[in-house]
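The briefing below goes through selected local features of the structure, grouped by topic. Please read each point with the sequence and the coordinates at hand.

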Amino acid sequence: MTLNWDFMVISSSSKHAIVIFVALVLLSNRANCDDSLHANKGNNCLESERRALIAIKSDMYDPGERLSSWTGYDCCKWRGVACDNLTGYVTRLDLHYPDEYNPWVESIGASKVNPSLFELKHLRYLDLSFNNFSYAHVPHMIASLVHLEYLNLSNACFDGLIPPVLGNLSHIQHLDLRNYCTYPITLFSNNLSWLSNLNSLQYLDMSCVNLSKATNWLHQINLIPTLQVLLLGGASLPRVPPSLPTFNLTSLTMLDLSQYEWNISASMLRWLSNASNLEHLDLSKCMRVFDAEALSVALGALHNLRKLVLVETQIAGQVSTILKNVSRMLQHLDLQWNFFLPGEISTILSILPHQLEFLALDMNDIYGRIPEMLGNYTSLRHLSMSYTRITGEIPRTIGKLIHLELLDLSINDITGEMPLNVGNLTNLEELYLSETNITGSIPESLGNVISLKYLNLFGNKITGEIPKTLGSLQNMLQLDLHGNFLTGQIPTTIARISNLCYLDVSENRLTGEIPITIDRISNLSYLDVSNNYLTGEIPTTIGRIFNLWYLDVSENNLIGEIPKTFGRLCNLWMLDLSLNNIIGELANLLDDLSNCPQGAALSSLSIADNNMSGSIPSNLGLLAHLQELDLSSNSLQGNMTEAHFSQLTSLSSLNISFNSLNVILPNDWRPPFHAYKIDMSSCHLGGTFPSWIQSQRYLHSLYLSGVGLLGTIPLWFSNFISNTRLQCLDLSSNNLSGLIPSTLSPFTDLSNNSFEGPIPTNIMITDSTQILVLSNNHINGSFPPFLCNLTSIFFIDLSNNHLSGTFPHCQNSFPHALQYLHLNNNSISGQFPFFLKKCKLLITLDLGENKLSGKIPTWVGYLTSLQILRLSSNSFTGVIPINIGYLASLKVLDLSFNKLFGKIPSSVGHFRAMFQDYTNSKPCHDNNLQCARGPMGSYRPKDKILITAKGSTYEYIIILSLVTSIDLSHNNLSGEIPNELMMLRDLHFLSLSNNHLTGTIPENIADLTELFSLDLSMNNLTGTIPSNLSALNFLSHLNLSFNNLSGRIPTGNQFLTFDDPAIYAGNKDLCGWPLPECPSDEAQRGPLHARDDDDGNGSKLEKVLDYAFIAMGFIVGFWTYWGVMIMKKSIRIALFQMVDRIYDWIYVQLAVKFGR
């Protein structure tokens, strides 16, 4: 057979075309049968849908393993994907982001809705929740997935109008469009009519979707009888019209209308009462007041109600009224944060059913004692009643609540001890009893509560030791015991709680060392043991707790150097070692932290009040994240230059005060940071006022006290104060001169400089000013008239200047808040300032050394907070007002060097602060004015007073709160010394000299047992010196000269030290040692004198022994002083208070003995 090859001749190009044609046919056939080929391999997944899923994945943010299973051919086995077993079509796609509790979806990476999603035509379940779709619009194409029964787009950063075409999803049963409640809400729907097409809808969540324009929302939702769950919290719902439709939501079991902005009327409540199947009702944050009685009626109709949430509402009525008809099936009741909603706890519990599982009454006006009947609610899992007015003890029946998982009774007036049977609550996970008045010890049985994760007992009066049994609580995450009176050591068993993340035992009385096994708590991130009495060195093992980000060991008695292992704490964010006795150099810490691979994370570093030495290393910039640096009150020295700050771009607070540092910064230096606080006090800055301050536009507090500044304050600084709103300014103790700046901060101290001229009349000083200290300058001119307008000021010190003129006459405005006023040593004239009558809070008033005249007003007795009244060296006349005795808080009264006459009023015996622990005001701790009502940082103006005693004048500052004194000397007072004065048994200094007093020295003067100094000289006193004066053991100064006293001078005890005849001079009828002997002694002198001569050697021995005992006492006292000085700072302060008290007595004893 022959073939016609002519027809078989094919060109090269034609061959290629045929090949391509055949390939396309084969590929087409393969595409058509691809799904069946995979089915033959045992896979249900259709290839077309697998490719669609791969495309969807490409646009989804997935930093972890969420979509890591999306490999291979069988997509039906991929995580979040499910297929129909018969057809292989993808029916379920769950792409929700797993971090559902992240409040900021924007913090995760962005995703997009890939168009391939809409190729999955058979989807019945779609979940895209908690992704970040970057505020894209909800895709209209979702409506093409007509088989959808479940759609969840919640909290996925969608924006804009919800497409009404979603109404085409006629099979939808579950629709979740919940949005994050961040304002403004940009996901919205203006009309809900599309919902009426969703005939199968059972679940609808549009919480925090803006429905403010959907005016007919209630009528449209009422058309869905299948609806079981309706959640519209925070949806900006419009007001419901007066005419309500017939209730059609008969299947409704859950309703959330929280944050409904309009009044929930009685008619609306009646409408809701038709929801007979309702089990869950949430009307939280409905801020319009609605009636408790109407609510009660509605609740009474909801027989199936199991959960009722009324958080932060405004209900008029009582809790018992709301609940009186509540369903007996109620299991969950949340009434938190209703503030003024009252109710008695016993009455509330008597109404509630015993099967209750959740009860929250926090932040309400709940009162009364917790009744024993609480033990009947054995199903309770959650019980919280914090921030109420509950009183009494925790009932012992609490131990019956064995299912309890959370108990919170914080911020109440609970008394008594924790019940021992709290150990029965083995399911308890959270226990909060903070800031009540619980006493006693922590029960050992608490170690049986093995489920406990959070234990907060801070701010109570708990005593005893931390139980070792707490080490059994292996699930514990947070342990907070701070602010109690716990003693003993930190138990080593704490180290067994390996999951513990937070440990705070600060502000107690713990002793011993920090446990060396602390590193076994490997998950610990927060550790605070501050303000205790811990000793020893900081354990090096702390450096092994790599998760630690907060460490506070301040205010203890720790010694040694900072452990080198701290260099491993690369995650440490806050380190506070202040107020200890730590030594070493800062360079060691910085060198150790330099080993951190990513750099040290340290943001806050405080080593203040220690014994650190050496210089500040220039590699301080290694702490690039540093925001707060406090190195104050150490022994640091050397230079600090701009190189130290060059890398500290985040620095916001700098305190290097009270060191021996030379701060060398050029005038044109521009700091790389913008600080809110700078404190260089007592360092050496020198030169003129630093111009680099201008760059600190956020500066809040500036402390440059005692830094050696010269010259005047530049003109730009006044504008700087205004522009930055500088709150605190301390430029005291420099060599600044010139005029006072025209603008001052609310807290200003320019004392101890050389400012001159008058206080500017146009000075910019706001009514919010609280502290003004301009003392010890050369300021002249009249008293500033703006004082009347300073309604918030509480501390003024203009003493030791040259102010003249009279006080301003305040009329419509007064410095009501004034507490401390120092105007002594000026030339102010006129009468007692009348505006002070309005200053009811006044604590210290010093007008001494001026030219004031007139009478002391009687209304001064109504300044009942007054503790110090000093009017010495003026020209006041008249009598001392009787009602001065109303000043029960008075501790210092100085009216000396005036022209007062009349009798000393007997009411002086009413100064209760001089005979018992009493004060009518809230004293400031250590008299350093901690009562300041503004942020002053480390600065506290010091209240001070001059007291003349023992012939000299002393300025008391540190221990002023402990001093009591009365000085009425150098007046024209007459009459007798009032017997009532002897009631002031805590009086330290009494001077009545240079008056015209008559009568005798009161016999009961020995009742003044704390008296240090007594001066009755230059009067007309008669009679004998009371012999019991010798019983005043603290009396170190006595002056009775120039009176008409007679008789024998008492002997023994303190009178052995009063050997100066000048003490008794001018009393011609006084006799006895150290004056000439009394006549009655002459007859007996012979034999006694002979015996004295014979015992001369014995007398010398007695003197030697006297010297020896005094020397021994001095040595013991000396080393006691220095021994305590190296211990805790609070002890040092207390010791200063004691030493100042006994110093004078020791001095006089030594002077007298060695001067013989």
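Lys-838 lies over the face of Phe-814, at 5.5 Å from the ring centre; a charge is taken to sit over a ring if NZ of Lys or CZ of Arg is within 6 Å of the ring centre and within 35 degrees of the ring normal. This is a predicted model, in which local features need pLDDT of at least 70 and side-chain atom pairs count only at pLDDT 80 or more, while totals for chains, interfaces and linings use all residues. Residues are numbered from 1 along each chain as its sequence is written, and side-chain values use heavy atoms, with hydrogens and water left out.

**Charge over a ring**

- Another such contact involves Arg-92, whose charged end sits over the ring of Tyr-125, 3.7 Å from the centre of that ring.

**Aromatic pairs**

- A search of the whole structure finds 32 aromatic pairs, where rings of Phe, Tyr and Trp (its six-membered ring) pair if their centres lie within 6.5 Å, and planes under 30 degrees apart count as stacked, over 60 as edge-to-face and the rest as tilted.
- One of these pairs is formed by Tyr-862 and Tyr-886, which are tilted, with 5.8 Å from centre to centre and 45 degrees between the planes.
- This pair links distant parts of the chain, 24 residues apart, with Tyr-862 in the loop between β50 (851-855) and β51 (868-870) and Tyr-886 in the loop between β52 (875-878) and β53 (892-894); helices (H or I, at least four residues) and strands (E, at least two) are DSSP runs, numbered from the N terminus.
- Tyr-862 is partly exposed at 45% relative accessibility, and Tyr-886 is partly exposed at 48%, given that buried means under 20% relative accessible area, exposed over 50%, and partly exposed in between (1.4 Å probe, protein chains only).
- The rings of Phe-1055 and Phe-1058 have their centres 5.6 Å apart and their planes at 85 degrees, so this pair is edge-to-face; Phe-1055 is buried at 2% relative accessible area, and Phe-1058 is buried with a value of 2%.
- One aromatic cluster is formed by Tyr-502, Tyr-526, Trp-549, Tyr-550 and Trp-573.

**Backbone geometry**

- The peptide bond that joins Trp-1073 and Pro-1074 is cis, with omega at about 10 degrees, and Pro-1074 lies in the loop between β65 (1069-1071) and α12 (1085-1094).
- Ser-236 has a positive phi of about 55 degrees although it is not a glycine; this serine is found in the loop between β10 (229-231) and β11 (254-256) and counts as buried at 17% relative accessibility.
- Ser-682, likewise not a glycine, has a positive phi of about 65 degrees; Ser-682 lies in the loop between β36 (677-679) and β37 (701-703) and is partly exposed, with a relative accessible area of 32%.

**Sheet and helix**

- Three strands form an open sheet in the order β62-β64-β65, with parallel pairing, and the edge strands are β62 (1022-1023) and β65, each of which pairs on one side only; two strands pair if DSSP finds at least two bridges between them.
- Two bridges join β62 to β64 (residues 1044-1048), and Gly-1023 has Leu-1045 as its bridge partner in β64.
- Helix α3 (residues 47-58) has 12 residues and reaches 17 Å from its first C-alpha to its last, close to the 16 Å expected at 1.5 Å a residue, where the expected span is 1.5 Å times one less than the number of residues.
- The buried residues of α3 are Glu-47, Glu-49, Arg-50, Ala-52, Leu-53 and Ile-56.
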